[in-house]
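These entries record what I looked up in one structure, in the order in which I looked it up.

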Amino acid sequence: MRTATYFFIFLNLSLAMFEEPAVYPLPLLATAVVEVLCLLVFLGRLAHFATVTLHSVFWKDTKNICIMVAILLSLTDLAIYGVLRVYGVSSIRWSRIVRPIFLINFAESRQIRRAFRSIRNTLPEITYVFLLFMFSLLMFSLMALKLFGERNLQTAEGLPYFRNYLEIVFDLYVLVTTANSPDVMMPAFDFSSWYALFFIAFVIVNTYIFMSLFLAVVYNNYKKHLKVIPGEGNCL
């Protein structure tokens, strides 16, 4: 039964690869039948838990409540989506985001729940480092706007270069990962090689200092919470 549960969880998660929009879309009827079959298996697994567990214990376990709510939401969304498709109304399957709940909240997924609880408990403790990083990113973006915004520079594609603050924030955020390096800095460098100092300072502060600090804080707090084995009563 454990193997069958894992199989249907994997099958349910894999439906996103074949539901519109998808590279290889299948007819709605095919994906709907598979999804209903998976939900019936999950419901049967939950009913099996109920028969071997005291009712007071079963209904106090929030994992079971989460699974029942996820099944109800999935069936409701599927019914609404099917009716709208019949009448030619465009819509989306918003219940896809609840599908990982089945993977997390079944009794066999104890280690996955531990990992998610550790992540959840770690998030508040890394908030200050993240806010400090975002403040640095916003300040560098403001400096870039003042430095390059009035120079009438253009990118290699002929687009305006660093004239919109939100676009600057996004470009510099990507630069933290070095994914757009050195393309994002070349228009400024071609105008004056001294502008390279701005990007060097940005990469040193945000990529080498803040990212290293952020990784250290995440790792230390995650490891600390992973050592603490929480109770099994909570979902997620």
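**Entry 1. Domains.** I began with the division of the chain, working from a predicted model. I noted domain 1 at residues 1-108 and domain 2 at residues 118-225. Taken over C-alpha atoms, the centres of the two domains are 40 Å apart.

Entry 2. I consulted the UniProt record, an unreviewed entry, which places the feature "signal peptide" at residues 1-16. In the model, I found this stretch to be 81% helix and 0% strand. The C-alpha atoms at its ends are separated by 24 Å.

**Entry 3. R2.** I then examined R2, which is located in helix α1 (residues 2-14). Is R2 buried or exposed? R2 is exposed, because its relative accessible area is 55% and the cut-off for exposed is over 50%. Leaving aside neighbours within four places in sequence, I recorded contacts of R2 with R45 and E108. I also checked R2 against F106: the two are 104 residues apart in sequence, and their C-alpha atoms lie 9.8 Å apart in space.

**Entry 4. Helix α7.** I next tested the length of α7, which has 12 residues (165-176). At 1.5 Å a residue, α7 should span 16 Å. The expected span takes one less than the number of residues. The end C-alpha atoms of α7 are 17 Å apart, so the two values agree.

At the N-terminal end of α7, I identified N164 as the cap. A side-chain oxygen of N164 lies 3.1 Å from the backbone nitrogen of L166. Just after the helix, I noted that T178 has a positive phi of about 65 degrees. I listed the buried residues of α7 as I168, V169, L172, V174, L175 and V176.

**Entry 5. Nonpolar cores.** Which residues have the most contacts inside the largest nonpolar core? I found F148, F162, L172, F199 and F202, in a core of 22 residues. At least two residues of this core come from each of α6 (110-148), α7 and α9 (196-227). A further core, of 17 residues, lies apart from it, and I noted A50, A70, I71 and I101 among its members.

Entry 6. I168 and L172 are buried residues of α7.

Conventions
Residues numbered from 1 in each chain as written. Predicted model: local features only at pLDDT ≥ 70, side-chain atom pairs only at ≥ 80, totals over all residues. Heavy atoms only, no water. Domains from an automatic or database assignment. UniProt positions renumbered as here; feature names shortened; annotations may be inferred. Helix = DSSP H or I, 4+ residues; strand = E, 2+ residues; numbered from the N terminus. Buried < 20%, exposed > 50% of the residue type's maximum accessible area, 1.4 Å probe, protein only. Polar contact = N/O pair within 3.5 Å; in protein donor to acceptor, adjacent residues only side chain to side chain. Core = buried A, V, L, I, M, F, W, Y, C linked by side-chain atoms within 4.5 Å. Contact = heavy atoms within 4.5 Å.
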